[in-house]
Amino acid sequence: RNNVQFFHAGFHAAAMERLQLETDLRYAVERNELRLHYQPIIDVTTNRLVGAEALVRWQHPARGLLAPDTFIGLAEETGIIEQIGEWVLAAACGDSAQWVTAGAMEFISVNVSARQLESGDFPRTTLQTLGRLDFDPQHIELEFTESAVMRDRVHGAEMLRVLRAGGVRVAIDDFGTGYSSLAYLKQLPLNTLKIDRLFVRDITTSPYDAAIARAIIALAQSIDLRVIAEGVETQEQLDLLEALGCTMMQGYYFSKPVPPDRVPAFFVATPNRRA
């Protein structure tokens with residue numbers, strides 16, 4: 001009333017495309033269309049694999065292999081992320097059981113969305129899944145973003161405590177890009193801080209980014225946390241991060257995310273690419 005609205009065919013097409021994608025996504029797990037790729041995490045002091053981050057892909061029957069930024073946002077909005085998250089955890093445990101049992105790597109890392117963390121049942125269902133699969137919790141590291149944990153500080157901290165009490169390792173991903181509160185950080189039962197690729201990208205040219213990385217590394221070391229740098233792509237970035245005290249890294253410099261059958265290639269010493 002008392003207004004004018006314009007219709008554009010493009011709006012309708014976009015809405016219909018989104019609706020179709022949502023419909024397809026609801027059946028993705030049931031139809032076994034999801035895939036996991038793994039990005040190696042390397043200890044540069046020994047040049048060996050220490051872990052791998054599990055990253056979900058969607059083998060869409062018509063659109064081909066879709067990256068997570070194509071559908072994860074939609075999954076979170078619609079609640080489908082909880083089903084996907086359960087599948088990712090079980091699949092990662094299934095893929096990596098022999099890897100960690102044989103001592104080829106220390107841990108497998110799995111991302112957890114804010115929607116999953118908000119569920120009061122998340123710690124219980126996670127520990128139940130690990131028990132059902134007979135997977136040692138110490139070999140799983142769950143990654144939470146700062147914003148996910150800080151959205152409800154009391155609830156988030158309690159969820160992490162339950163997981164840690166069950167033996168699961170806990171990491172804060174994208175550290176420094178969210179609601180960083182050093183006073184609150186010390187109250188969280190963490191194992192790992194991950195330096196976001198945003199700071200790594202320009203670390204060799206930006207004194208600002210280098211200073212932030214140095215501060216995060218010093219903070220982690222002072223409270224006895226492991227620190228992992230994400231998005232390492234060049235020898236120069238590696239050298240500077242190592243000089244600052246960060247020894248665990250992941251990124252295209254070492255490898256893009258690869259299917260499970262290509263992970264064993266990293267069990268031996270990774271190629272030494274230093275000049």
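This section describes the fold, the nonpolar cores, the strands and the salt bridges of a predicted model.

Residues are numbered from 1 along each chain as its sequence is written, and side-chain values use heavy atoms, with hydrogens and water left out. In this predicted model, local features need pLDDT of at least 70 and side-chain atom pairs count only at pLDDT 80 or more, while totals for chains, interfaces and linings use all residues.

The protein chain holds eleven helices and nine strands. Helices (H or I, at least four residues) and strands (E, at least two) are DSSP runs, numbered from the N terminus. The radius of gyration is 20 Å, close to the 19 Å that the globule rule gives for 275 residues, so the chain is as compact as a globular protein of that length. This radius is taken over C-alpha atoms, and the globule rule is 2.2 Å times the number of residues to the power 0.38. Along the principal axes, the C-alpha atoms fill a box of roughly 65 × 45 × 40 Å.

Of the 275 residues, 48% are buried. Buried means under 20% relative accessible area, exposed over 50%, and partly exposed in between (1.4 Å probe, protein chains only). The chain exposes about 13800 Å², and carbon and sulfur atoms supply 51% of that area. Accessible areas come from the Shrake-Rupley method with a 1.4 Å probe; for residues, only the protein chains shown count as cover. Among contacts with a separation of 6 or more, 68% are between residues 24 or more positions apart. A contact means heavy atoms within 4.5 Å.

The largest nonpolar core has 81 residues, and Ile140 and Phe144 touch the most other members. Helix α3 (residues 80-101) gives the largest share of this core, eleven residues. A nonpolar core is a set of buried Ala, Val, Leu, Ile, Met, Phe, Trp, Tyr and Cys residues joined through side-chain atoms within 4.5 Å. Neighbours within four places in sequence aside, Ile140 is in contact with Leu89, Cys93, Ile108, Val110, Leu130, Phe135, Val168 and Arg169. A second, separate core has five residues, including Ile41, Val50, Phe107 and Ile228.

Strand β7 pairs with two strands. With β6 (residues 169-175) the pairing is parallel, over three bridges. Phe175 has Ile195 of β7 as its bridge partner. Strands β7 and β8 also run parallel, joined by four bridges. Two strands pair if DSSP finds at least two bridges between them. In a regular strand the side chains alternate between the two faces of the sheet. In β7, Thr192 and Lys194 point one way, Leu193 and Ile195 point the other way, and all are buried.

Strand β5 includes Thr145. This residue is partly exposed, with a relative accessible area of 24%. Thr145 touches Asp173 and Asp174, not counting residues up to four places away in sequence. The C-alpha atoms of Thr145 and Ala171 are separated by 8.4 Å, although the two residues lie 26 residues apart along the chain.

Eleven salt bridges are counted. The criterion is a side-chain nitrogen of Lys or Arg within 4 Å of a carboxyl oxygen of Asp or Glu. Lys194 and Glu143 form one of them, at 2.7 Å from N to O. This pair links distant parts of the chain: Lys194 lies in β7 (residues 192-195) and Glu143 in β5 (residues 140-145), 51 residues apart. Both Lys194 and Glu143 are buried. Both also belong to a salt-bridge network with Glu53 and Glu230.

Arg124 and Asp121 meet with their closest N and O atoms 3.5 Å apart. Arg124 is partly exposed at 41% relative accessibility, and Asp121 is partly exposed at 40%. Asp202 and Arg201 form a salt bridge at 3.4 Å, N to O. Asp202 is partly exposed, with a relative accessible area of 29%, whereas Arg201 counts as exposed at 52%.

Helix α11 spans residues 235-244, and Gln235, Gln237, Leu238, Leu241 and Leu244 are buried there. These buried residues pack against α9 (197-200), α10 (207-222), β8 (226-229) and β9 (248-249). Gly245 follows α11 and has a positive phi, near 110 degrees.
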